[in-house]
Amino acid sequence: MKYIILEDEKLASERLKKLVLAARPDFQWVLTLDSVESAVISLPALTVDLVFMDIQLADGNSFDIFDQIKLDVPIIFTTAYDEYALKAFKANSVDYLLKPIDPEELEKAIVKFEKHAHKGNDQVDGLLKALQPKGKERFVVKVGEHLKTVETRDIQLIYSHDKATYLFTKEGRKFLVDYTLDKVESLLGADQFFRISRKFIVNLSCIKDIIAFTNSRLEIVISGFEEEQVIVARERVTEFKAWLDR
C-alpha cells in the first residue's frame with residue numbers, strides 16, 4: 001500500500017511516518033505535502049492507496065482541496081481539532097484521528113482502511129469474473145453422415161495430429177473438429193482449460209495424474225488416452241503450476 005502525508009508540521013509528519021512504519025512495515029511512504037497549493041498540484045498526478053491528511057494547513061483548510069480537484073483516494077484525517085469530524089466523513093474519510101495520534105487508534109484506522117480496500121478489490125474481482133467469457137459450451141462434430149454435439153464439459157483433452165484437431169472425451173472417444181488448436185484455445189474458458197504445449201489443451205477436472213518428466217517438464221495422465229504422452233512444454237511449466245494453484 002502506498003500512502004502520502006499532508007501535514008505542514010515536520011515533527012508531526014515524521015512521527016506519523018514512524019507510527020505507520022511500526023504498524024505496517026509493508027506500507028510505502030511516497031511523499032509529504034505541506035499545503036493546499038502543493039496538494040492541488042501534486043495529488044492528481046499521484047497513484048496512491050491512502051492519504052493521511054491534516055486539516056489546518058499553512059495556507060488554508062484542507063477541505064479547500066476538494067473544491068479544486070476530484071479526490072477519490074481514501075483519507076484518514078489527522079488533526080488537533082474535533083469540530084471537523086462531520087465534514088471529514090463526507091469527504092471520503094476512512095477515519096478521523098485527533099492529535100497527538102495514539103498508536104492504537106491509528107491501528108484501528110488502518111484496519112478500517114484495509115477492510116475498505118479488501119471489499120473494493122472483491123467487488124472488482126467479482127465484476128471481472130462476471131464479465132469474463134465462460135467459453136464455448138459445445139462443439140458440433142460429424143459422425144459418418146450425422147452431426148452431433150459434444151459438450152465442452154465432457155472433453156478431457158484437445159490435441160492436434162497431422163494438421164488436424166481432435167476432441168478426446170470422457171467416454172474415450174475422439175472427434176475431428178473444423179478448428180485449429182489456436183482457435184479452440186480462444187473459444188474455451190481459461191478457468192477450466194489450459195494449453196500445455198503446441199499440441200495439447202487439457203481439462204483441469206480430467207487430469208488423472210501429473211508426473212515429473214525429463215528436462216524439468218511434466219507428464220499429464222488423461223484417463224483412456226494412450227496415443228502418445230501428454231507433456232507440458234518446459235516453457236509452460238511455471239504458468240501451468242500457477243494455473244493449478246490459483
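Author: Three strands form an open sheet in the order E15-E16-E17, and their pairing is antiparallel. Strands (E, at least two residues) and helices (H or I, at least four) are DSSP runs, numbered from the N terminus. Two strands pair if DSSP finds at least two bridges between them. The model is predicted: local features need pLDDT of at least 70, side-chain atom pairs count only at pLDDT 80 or more, and totals for chains, interfaces and linings use all residues. Residues are numbered from 1 along each chain as its sequence is written, and side-chain values use heavy atoms, with hydrogens and water left out.

Now zoom in on one pair. Strand E16 (residues 218–222) joins E17 in the antiparallel sense, over three bridges. Glu219 stands opposite Ile231 in E17.

The loop between E15 and E16 holds Asn215. Asn215 has a positive phi of about 55 degrees, although it is not a glycine. Its relative accessible area is 52%, so Asn215 is exposed. Buried means under 20% relative accessible area, exposed over 50%, and partly exposed in between (1.4 Å probe, protein chains only).

Asp162 also has a positive phi, about 50 degrees, and is not a glycine. Asp162 sits in the loop between E10 and strand E11 (164–169). With a relative accessible area of 66%, Asp162 is exposed.

Next comes a buried loop residue. Thr152 is in the loop between strand E9 (146–151) and strand E10 (155–161). Thr152 counts as buried because its relative accessibility is 6%. A polar atom of its side chain lies 3.2 Å from the backbone nitrogen of Arg138. Contact means heavy atoms within 4.5 Å.

Glu7 is another. It lies in the loop between strand E1 (2–6) and helix H1 (10–23). At 5% relative accessibility, Glu7 is buried. The side chains of Glu7 and Lys99 make a polar contact (2.6 Å). A polar contact is a pair of N or O atoms within 3.5 Å; within protein, one must be able to donate a hydrogen and the other to accept it, and residues adjacent in sequence count only if both atoms are side-chain atoms. The residues that Glu7 touches include Ser13, Asp34 and Asp54.

Stay with Lys99. Its peptide bond to Pro100 is cis, with omega near -10 degrees. Pro100 lies in the loop between strand E7 (93–98) and helix H4 (103–131).

Last, the helix. H1 has 14 residues and reaches 20 Å from its first C-alpha to its last, close to the 20 Å expected at 1.5 Å a residue. That expected span is 1.5 Å times one less than the number of residues. Ser13, Leu16, Lys17, Leu19 and Val20 are buried in H1. Seen down the axis, these buried residues fall within an arc of 165 degrees, so they line one face of the helix. The arc is that of the directions from the helix axis to the C-beta atoms. The face turned away from the buried side of H1 carries the exposed residues Lys10, Leu11, Lys18, Leu21 and Ala22.

Conventions. Lists of a residue's contacts leave out its neighbours within four places in sequence.
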